[in-house]
Amino acid sequence: MQLTFCCTHTAAEPWLAGLRAALPEAEVSLWAPGAPLADHAIVWAPPQAFIDEQTRLQTLFNIGAGVDGLLKLRLPPGLQVVRLDDAGMAVQMAEYVCHAVIRHFREFEQYDAAQREARWAFRKPRRREDFSVGLLGLGVLGSRAAQALRAFEFPVLGWSRGPKALDGVRCHHGPDGLHDFLAGTQVLVNLLPLTLETENLLNRDTLGRLRPGAHVINVARGAHLVDDDLLALLDRGHLAGATLDVSRTEPLPPEHPFWHHPRVTVTPHTAARTLRDESIAQIAGKLRALQRGEPIAGVVDPQRGY
Ligand code: NDP
Ligand code: OXD
């Protein structure tokens with residue numbers, strides 16, 4: 001079995017060493033233009049030239065959960081795309097989401113401000129039952145975040161494409177379920193894949209339907225959010241704050257108003273990082289399953305876009 005590695009913005013050597021150790025039966029090499037043809041590839045943001053040259057590939061293993069970038073390339077029909085499912089990302093995402101929700105709920109920003117003024121100032125406890133958290137996307141990451149939020153006894157709502165049943169979560173689905181979901185949400189967490197259907201979904205209309213004083217946490221993709229609509233709703237007071245891990249252009253340009261907005265928190269696309277050892281173990285397990293002719297998880301449906 002020939003494996004090729006083509007991941008931009010990634011130090012290749014530790015991945016190559018890990019893949020060789022996990023799959024001693026495979027020949028693993030770093031792709032360069034003109035390289036021999038491989039059977040399977042491990043990729044992140046490969047150039048179109050890689051796809052055009054590697055005409056024997058059966059599978060592209062994406063070393064991330066989101067495949068929106070990969071699906072923008074011209075891929076030959078029949079080339080299977082497999083994403084990471086969890087591989088250590090779900091618990092990181094649950095940490096990030098719970099931290100952001102609890103920071104708003106317990107008003108830690110106000111305590112930080114009080115400390116800067118040496119002020120010993122209590123804030124009135126908020127009612128947990130009023131602080132409902134709505135998760136857009138109840139997949140691998142969304143369902144793990146829902147479970148973690150339930151452990152803190154927040155009311156949790158979720159929205160997915162098809163119907164779902166998750167313990168303790170008020171589940172909505174499809175376009176018809178969106179308005180009720182939004183109307184019941186105090187903190188909106190976006191964990192949708194970026195597809196034709198979900199692009200620009202967080203806009204003036206949808207965000208305007210959230211409860212007054214709502215917070216928005218975007219941990220999925222920047223192109224889900226219409227930046228100017230978020231800013232207008234923050235400045236009008238309908239939204240109380242936003243935590244943004246992703247942006248339309250990454251890195252977020254220095255002149256972007258999100259950097260200095262008093263009610264926006266920006267982090268550098270770090271909510272759930274790809275973990276090398278866990279990812280290699282998952283990819284090796286899937287390659288072996290494919291060789292045995294067994295089904296694997298995380299196969300992307302190009303029609304749905306995730
Ligand atoms: P999954 O594919 O497991 O879950 C996607 C969820 O979104 C599913 O519940 C799906 O519904 C729902 N969904 C998709 N399209 C629609 C739609 N049109 N309407 C309603 N619901 C929809 O993905 P993951 O949970 O693994 O990852 C989610 C995203 O998180 C990734 O695509 C990526 O963009 C982002 N991400 C961000 C990271 C970061 O560090 N900021 C790190 C990793 C991922 P259904 O269940 O019915 O199919
Ligand atoms: C991913 C990401 O999709 O890092 O895995 O955003």
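**Figure 1. Salt bridge between Arg221 and Asp68.** In this predicted model, the side chains of Arg221 and Asp68 meet in a salt bridge with an N to O distance of 3.0 Å. A salt bridge is a side-chain nitrogen of Lys or Arg within 4 Å of a carboxyl oxygen of Asp or Glu. Side chains of opposite charge can pair when their charged atoms come close. Between domain 1 and domain 2 the count is one salt bridge. The side of domain 1 that touches domain 2 comprises two nonpolar, one polar and four charged residues (nonpolar: Ala, Val, Leu, Ile, Met, Phe, Trp, Tyr, Cys and Pro; charged: Asp, Glu, Lys and Arg; polar: the others, Gly among them).

**Figure 2. The interface of domain 1 and domain 2.** An automatic or database domain assignment gives domain 1 (2–87 + 274–291) and domain 2 (90–266). Seven residues from domain 1 and five residues from domain 2 take part in the contact, where contact means heavy atoms within 4.5 Å. The buried area, which is the accessible area (1.4 Å probe) that two parts lose on being put together, summed over both, is about 540 Å². Carbon and sulfur atoms give 50% of this area. Asp68, Asp86 and Leu275 supply 66% of the area that domain 1 buries against domain 2.

**Figure 3. Salt bridge between Glu25 and Arg288.** The side chains of Glu25 and Arg288 meet at 3.2 Å, N to O, in a salt bridge. This pair links distant parts of the chain, 263 residues apart: Glu25 lies in the loop between helix H1 (12–22) and strand S2 (27–30), and Arg288 in helix H9 (residues 276–291). Helices (H or I, at least four residues) and strands (E, at least two) are DSSP runs, numbered from the N terminus.

**Figure 4. Aromatic pair of Phe105 and Phe131.** The rings of Phe105 and Phe131 form a tilted pair, 5.0 Å centre to centre, with 55 degrees between the planes. Rings of Phe, Tyr and Trp (its six-membered ring) pair if their centres lie within 6.5 Å; planes under 30 degrees apart count as stacked, over 60 as edge-to-face and the rest as tilted. Phe105 belongs to helix H3 (residues 89–105) and Phe131 to the loop between helix H4 (108–116) and strand S6 (133–136), so the pair ties together parts that are 26 residues apart in sequence.

**Notes.** Residues are numbered from 1 along each chain as its sequence is written, and chains are lettered from A and ligands numbered from 1 in the order in which they are written. In this predicted model local features need pLDDT of at least 70, side-chain atom pairs count only at pLDDT 80 or more, and totals for chains, interfaces and linings use all residues, while side-chain values use heavy atoms, with hydrogens and water left out.
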